[in-house]
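Student: Could you show me how to read a protein structure, one feature at a time? I would like the general idea before each case.

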Amino acid sequence: MKKSLIHRIFYFYYDGFRSMTVGKKLWVIILIKLFIIFIILKIFFFPDLLKKNFSSDKERGEYVLENLSK
Amino acid sequence: MVENIDLSLVDWSRGQFALTAIYHWIFVPLTLGLSFILAIMETIYVRTGREEWKRITKFWMTLFGVNFAIGVATGIILEFEFGTNWSNYSWFVGDIFGAPLAIEGIMAFFLESTFIAVMFFGWNKVGKKFHLTSTWLVAIGANLSALWILVANAWMQYPVGTQFNPDLARNEMMNFWDVFLSPVAVNKFIHTITSGFVLGSLFVVGVSSWFLLKKRESGMAKKSILVASIFGLVSGLMLVYSGDGSARLIARIQPVKFASLEGLYKGREGAGLLAFGILIPAKETSGRKIHEVKLKLEIPNLLSYMATGSWKAYVPGIHDLIDGNAERGIMPAQEKMKRGLVARETLAAMKESRDKGDTAAYQALKAKFYDKDFMENYFSYFGYSFLNEPGSLVPNVPLTFYSFHLMVGLGFYFLLLFFVFIVLVWFNKLDNKRILLWLAVFTIPLAYVASEAGWIVAELGRQPWVVQDLLPTVAAVSHINASSVQVTFLLFAFIFTGLLIAEIGIMIKQIKIGPKEGGK
């Protein structure tokens, strides 16, 4: 019986990851890196200041207008 | 270097952005170049059916994978910095940055992320032609990702296709095609990706030379050198062509940067291009520090030609551009500062009248920002109003000068190297040329030096501007504590250095292992 497309795609990736050699080490590096970038850096060190401090574009515009025109 | 950085917020923010951009750019050009070299090699495999080409392709694909994996997402940190350290800037540029970056994200995700899996996992599982198509799509996708960020960068160098909205203090895109197809964007894209192609080619030539020196994988090494050298030579010629176009644009749009590239303080007709020279600090002139070029070797009239296409044309120097030159129709910077201040005071008055509810005054002042004459004669100098003195319009001349000459000099050396390697491989005379082979190995880091130097010319050379003439660095920065930027600067230095060590370590290990299966 022919397997479904989703089944075939799943096993394409599954077999691919299982047969990786150097790739496994790289995936560990990628996952650690993404964790540091998106969880640690983004949340604790890099807030979007205008989004965090103001609730609307009007307020953000007002703040920057004040900065640039004073 | 760190001890020389001023502890002010602006300098730390600039330093941090430079650090992350320079590290990010270590990973990007190899992805851009190697992806196309892989695609060419796999095309040869599919067309000839010879297994050795599959083996060659798979070897370079492994190295591509290492670089791609370590480098992926390092650019996102730059976007974080926009929101935190450069909030005035990120608001001011508005959707000019947002739209291209959103398109980049979608394209990169669908093209690269989908087909890169087929490229790595699909050998023997999908048809040869489908696999080849995936490899080409990864190469095209990677380079198109670069396109969008370069379009955004080009707008900062040459802001066109937009209208300033005074109510929101931000620029709004009026014509996507003006932004997308601006001459700076087109030229920058070609120049940047071809620099990546050259770097990727030098990487392949250098690594292959190492195999020849170790008397391993001779067949693979020579075939790789031939493909990479031809690709590198063709790309290098395109790089020179786009570099020439870039020089002409810079001379017109960013003349202070152009003069700084050559350490040209006093303008002249029939200006020559320095093939070599050393900058020595000289006596202050017009109240600013200047440098004199010593031991210079000049190619007559070439700078004039590069700037205008005419051998005898006048090229303004830094003094002309700052102090003005009535005879040549060059406006003094002081006048630009006055005009910029008029635009800024108009903006402040508009805001004040709006806040007070004076509708008539508000409407009249707002209308000025939609008036062609006001925009061309006053708002186009808006950024000058933030500068304390005209001398701050001059970038770091020695760094710009040396970066430019290093980039150009190395670029021509790379062309020569590709040509020599093509000839020697073609006539099968390469094996015993050990000095040349070692030279190719040590040229790999030089390719990175040239590539980074190009960005230093582009970005440091346009200081003090973040957006040319409209927003200087000092006005673009967020009002945050310098100490928080210092902490993240050190964090980034630590993380990126770790990634770079990992990249080099894994790469060297994989190179030493060499190709593993099939073929000769």
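Tutor: Happy to! Start with directions: angles under 35 degrees count as roughly parallel, over 145 as roughly antiparallel, 65 to 115 as roughly perpendicular and the rest as oblique. Each axis is a line fitted to C-alpha atoms, for helices over the stretch in contact, and angles run from 0 to 180 degrees between N-to-C directions. Helices (H or I, at least four residues) and strands (E, at least two) are DSSP runs, numbered from the N terminus. This is a predicted model, where local features need pLDDT of at least 70, side-chain atom pairs count only at pLDDT 80 or more, and totals for chains, interfaces and linings use all residues. Residues are numbered from 1 along each chain as its sequence is written, while chains are lettered from A and ligands numbered from 1 in the order in which they are written.

Student: At what angle do helix H1 and helix H2 of chain B pack?

Tutor: The angle between helix H1 (residues 9-48) and helix H2 (residues 51-71) of chain B is about 160 degrees, and their axes are 9 Å apart. H1(B) and H2(B) are therefore roughly antiparallel to each other. As for residue classes, Ala, Val, Leu, Ile, Met, Phe, Trp, Tyr, Cys and Pro count as nonpolar, Asp, Glu, Lys and Arg as charged, and the others, Gly among them, as polar. The contact of H1(B) with H2(B) has 16 nonpolar, six polar and two charged residues.

Student: How do H1(B) and H8(B) pack?

Tutor: Their angle is about 75 degrees, with the axes of H1(B) and H8(B) 7 Å apart. That makes H1(B) roughly perpendicular to H8(B). For contacts, the rule is that two residues touch if their C-beta atoms, placed from the backbone, lie within 7 Å. Here the residues that make the contact include B:Leu34 and B:Ile37 of H1(B) and B:Phe203 and B:Val204 of H8(B). By class, this contact of H1(B) with H8(B) has 13 nonpolar, five polar and no charged residues.

Student: And what is the packing angle of H8 and H9 in chain B?

Tutor: Helix H8 (residues 183-213) and helix H9 (residues 218-253) of chain B pack at about 155 degrees, with axes 7 Å apart. H8(B) and H9(B) are therefore roughly antiparallel to each other. Their contact has 18 nonpolar, 16 polar and no charged residues.

Student: Which residues touch the most other members of the largest nonpolar core?

Tutor: First, the idea: a nonpolar core is a set of buried Ala, Val, Leu, Ile, Met, Phe, Trp, Tyr and Cys residues joined through C-beta atoms within 7 Å. A residue is buried if 20 or more other C-beta atoms lie within 10 Å of its own, exposed if 12 or fewer, and partly exposed in between. In the largest core, with 156 residues, B:Ile37 and B:Trp60 touch the most other members. H1(B) gives the most to this core, with 16 residues. Leaving aside neighbours within four places in sequence, B:Trp60 is in contact with B:Leu34, B:Ile37, B:Leu38, B:Met41 and B:Val204.

Student: How many residues of chain A are in contact with chain B?

Tutor: There are 30 residues of chain A in contact with 36 residues of chain B. On the side of chain A that touches chain B, H2(A) gives the most, with 13 residues. That side divides into 18 nonpolar, five polar and seven charged residues.

Student: What should I look for in the backbone?

Tutor: Most residues other than glycine have a negative phi, and most peptide bonds are trans. Now look at the loop between H8 and H9 of chain B, where B:Lys215 is placed. B:Lys215 has a positive phi of about 55 degrees although it is not a glycine. In that loop too is B:Glu217, with a positive phi of about 50 degrees. The peptide bond from B:Gln463 to B:Pro464 is cis, with omega near 15 degrees. B:Pro464 sits in the loop between helix H17 (434-460) and strand S7 (465-467) of chain B.

Student: Are B:Lys215 and B:Glu217 buried or exposed?

Tutor: B:Lys215 is exposed, with 9 other C-beta atoms within 10 Å. B:Glu217, with 20 C-beta neighbours inside 10 Å, counts as buried.
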